[in-house]
Amino acid sequence: MNPPGRTKTLTAYIDGASRGNPGESGFGVIAMLAPDAPAGEDGSPARADSGAGTDREVELYGYLGRATNNRAEYCALLAALAYARAAGARTLLVRSDSELLVKQVKGLYRVQNEHLKPLHAEAVKQAARFERFEISHIPRKENKRADRLANIAVNLKKNSFPGILPFEKLPFVP
């Protein structure tokens with residue numbers, strides 16, 4: 001457990017890719033963990049470039065087979081959530097270029113697609129387990145590395161990690 005006044009913050013850049021919609025799909029996650037960074041006076045985590053500690057960066061990607069782009073985006077979020085929990089993060093800051101995903105997770109848009117509803121429900125459930133969770137929309141040009149990883153997953157048709165992620169247990173009909 002972290003001492004009072006300290007936090008373990010993970011920032012994740014996420015992206016999904018689908019060649020066709022649906023089509024061959026994958027996801028990519030760039031996860032940057034700032035271990036035990038001192039919190040600011042307002043309780044917010046210190047910035048990684050503030051000298052509070054060195055970020056550890058992890059690249060994750062996963063092949064999904066035939067899926068829609070929106071499913072790939074949700075799978076990227078679920079992978080980031082699972083990795084953050086496993087890494088012991090108490091705060092998770094997610095950056096995504098999918099405006100739909102961000103607005104659905106924030107509750108600003110309803111999830112109308114029946115195939116996305118279980119993914120959305122699992123993401124919201126997992127996000128609530130963090131002391132602090134934020135998700136925000138970023139321009140595509142700021143998310144090139146996560147996009148590259150998603151495309152690597154599709155090209156190689158493989159994952160960068162072993163094990164089962166939560167979304168693999170959820171029902172899916174293309």
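1. Which residue forms a salt bridge with Glu24? In this predicted model, the partner of Glu24 is Lys157, and the closest N and O atoms of the pair are 3.7 Å apart.

2. The structure holds 8 salt bridges. One of them joins Glu57 to Arg145, with 2.4 Å between the closest N and O atoms. Glu57 belongs to strand β3 (residues 56–67) and Arg145 to helix α4, so this pair ties together parts that are 88 residues apart in sequence. Glu57 is partly exposed, at a relative accessible area of 42%; Arg145 is also partly exposed, at 38%.

3. The residues Glu57 and Arg145 also belong to a network of salt bridges, in which they are linked with Glu59 and Arg148.

4. Another salt bridge is formed by Arg132 and Glu134, whose closest N and O atoms are 2.5 Å apart. Arg132 is partly exposed, with 27% relative accessibility, and Glu134 is partly exposed as well, with 33%.

5. A separate point concerns Glu99, which lies in helix α2 (residues 99–105). The relative accessible area of Glu99 is 39%, so this residue is partly exposed. Apart from neighbours within four places in sequence, Glu99 is in contact with Tyr109 and His137. Between Glu99 and Ile138 the C-alpha to C-alpha distance is 8.3 Å, although the two are 39 residues apart in sequence.

Terms used:
Residues are numbered from 1 along each chain as its sequence is written. This is a predicted model: local features need pLDDT of at least 70, side-chain atom pairs count only at pLDDT 80 or more; totals for chains, interfaces and linings use all residues. Side-chain values use heavy atoms; hydrogens and water are left out. Helices (H or I, at least four residues) and strands (E, at least two) are DSSP runs, numbered from the N terminus. Buried means under 20% relative accessible area, exposed over 50%, partly exposed in between (1.4 Å probe, protein chains only). Contact means heavy atoms within 4.5 Å. A salt bridge is a side-chain nitrogen of Lys or Arg within 4 Å of a carboxyl oxygen of Asp or Glu.
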